[in-house]
Amino acid sequence: MSRLLVIGCGGVAQVAIQKCCQNDEVFTELCIASRTKSKCDALKEKIEQDGYSKTKLSTAQVNADNVQELVALIKSYKPDCVLNVALPYQDLTIMDACLECGVHYIDTANYEPEDTNDPEWRKIYDERCKKLGFSAYFDYSWQWAYDERFKKANLTALLGTGFDPGVTSVFVAYAKKHYFDTIDEVDILDCNGGDHGYPFATNFNPEINLREVSAPGSYWEDGHWVEIPAMSIKREYDFPCVGKKDMYLLHHEEIEALGRNFPEIKRIRFFMTFGQSYLTHMKCLENVGMLGTEPVMHNGVPIVPIQFLKTLLPDPATLGPRTVGKTNIGCIFRGKKDGKERTIYIYNVCDHQECYKELGSQAISYTTGVPAMIGTALVASGVWNGRGAKTTDEFDPDPYMDMLNKFGLPWVVVENPVLVD
Ligand code: NDP
């Protein structure tokens, strides 16, 4: 029995909210709040018309950049937990509001600032780049800084419960618990074999997505970061149920938490598949300045190029009906059990059209929204009750793995998989 406030009503939120409504024994009441209230009202109406859920729904308008607006909403709705599926830009304001009101906080992506030229943020960022050796705009330091305050308030801030990060981190905890005495290497492989038929579109928020994939790649090796130029390490892998795809090494946020929480792991890498056409489009957009995050003057009006590009691109939430094919996301592990070398691959395969039939969404939003619900349910029901700012790899993986099977993301464990060189 819990009351949940969800912030955001985009592609991921729409899946997470519908999944919460499927889990109506835990989520008895839910308020959908976002910048554009009409989207919240439309989703509420759809769920009520579908008629499968006993969850009592309401909606609200909120600007999640404004802590006082958030505090007023939380105080009036009185939720037990807040699920942030807006954008990473709002992580800190929502965490501040949760602390002020004494409610648990959950999100799917770690903090990055909207304005990367903010001098206060830049100073800290430049120092972090030098100290840690990776230059992504996002990192955990901002949210880990809330750890003590959440602990003191007897609250949980569950960080990054999407698929990657989220499920991939749970896969690591599960592998360690059930398959290995020590893990030496982890390769996280994110394959989207889906085709939406557009020449170019992103599967989740274009601004966040393009910032991530156009940045230098990096991986964790022997206790430190190794940074490489964007897209400069390429491998081909034959993915179960999808087939052969090219994949590229990217920086990814779960590596940071896993490197800290599993110091025994000698190497952690993250690969994502991209087709040549996607990369050519992205390079071209980058070359002409369309991925810029600084305002430029156009006919006397300041515009941020990447935000204008977002306006031009298809809304990821609308890709569902036209996307066919499957995703395969998982982790390959190399380590030791009882003194012997062991390798396993844990992965989930998800079909875009099946997701669309069930919830009206494509598989990227689905594979993020389902784990967002699961993490929230485990915090709300007290099954995951560790306090402070924590990632999903810091909790018992078993109940999470059970819920993945139950709520539409079944996984398999394969022994002796083909390794990535
Ligand atoms: P969308 O752009 O589709 O949705 C974002 C939603 O947040 C929109 O409803 C938007 O409102 C709302 N929003 C934005 N700014 C504010 C604000 N200031 N106040 C209130 N509401 C706001 O994004 P996605 O659904 O694709 O992504 C959601 C989150 O999921 C992102 O943080 C993304 O990084 C994360 N993600 C995580 C993954 C994982 O595996 N861990 C994978 C994919 C995504 P409006 O409708 O007005 O624009």
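Helices (H or I, at least four residues) and strands (E, at least two) are DSSP runs, numbered from the N terminus. In these terms, Met 231 lies in the loop between strand S9 (224-228) and S10.

This is a predicted model, in which local features need pLDDT of at least 70, side-chain atom pairs count only at pLDDT 80 or more, and totals for chains, interfaces and linings use all residues. Residues are numbered from 1 along each chain as its sequence is written, and side-chain values use heavy atoms, with hydrogens and water left out.

**Overall form**

The chain has 15 helices and 18 strands. Its radius of gyration is 20 Å, close to the 22 Å that the globule rule gives for 421 residues, so the chain is as compact as a globular protein of that length. That radius is taken over C-alpha atoms, and the rule is 2.2 Å times the number of residues to the power 0.38. Along the principal axes, the C-alpha atoms fill a box of roughly 55 × 55 × 45 Å.

Of the 421 residues, 58% count as buried; buried means under 20% relative accessible area, exposed over 50%, and partly exposed in between (1.4 Å probe, protein chains only). Contact means heavy atoms within 4.5 Å. Among contacts with a separation of 6 or more, 74% come from residues 24 or more positions apart.

**Cores**

A nonpolar core is a set of buried Ala, Val, Leu, Ile, Met, Phe, Trp, Tyr and Cys residues joined through side-chain atoms within 4.5 Å. The largest one has 91 residues, and Phe 171, Leu 210 and Phe 333 have the most contacts inside it. Helix H14 (residues 363-380) gives the most to this core, with nine residues. Beyond four places in sequence, the contacts of Leu 210 include Phe 200, Tyr 278, Met 282 and Leu 313. Another core, of 35 residues, lies apart from the largest one and includes Leu 73, Val 82, Tyr 111 and Trp 142.

**Loop residues**

A cis peptide bond, with omega about 10 degrees, joins Asp 164 and Pro 165. Pro 165 is in the loop between strand S6 (156-159) and helix H8 (167-178). Pro 240 sits between strand S10 (234-239) and strand S11 (243-249), also in a loop. Outside four places in sequence, Pro 240 touches Asn 328, Tyr 345, Tyr 347 and Val 349.

Asn 299 is in the loop between strand S13 (296-298) and strand S14 (301-303).

| Residue | Relative accessibility | Class |
|---|---|---|
| Met 231 | 17% | buried |
| Pro 240 | 23% | partly exposed |
| Asn 299 | 72% | exposed |
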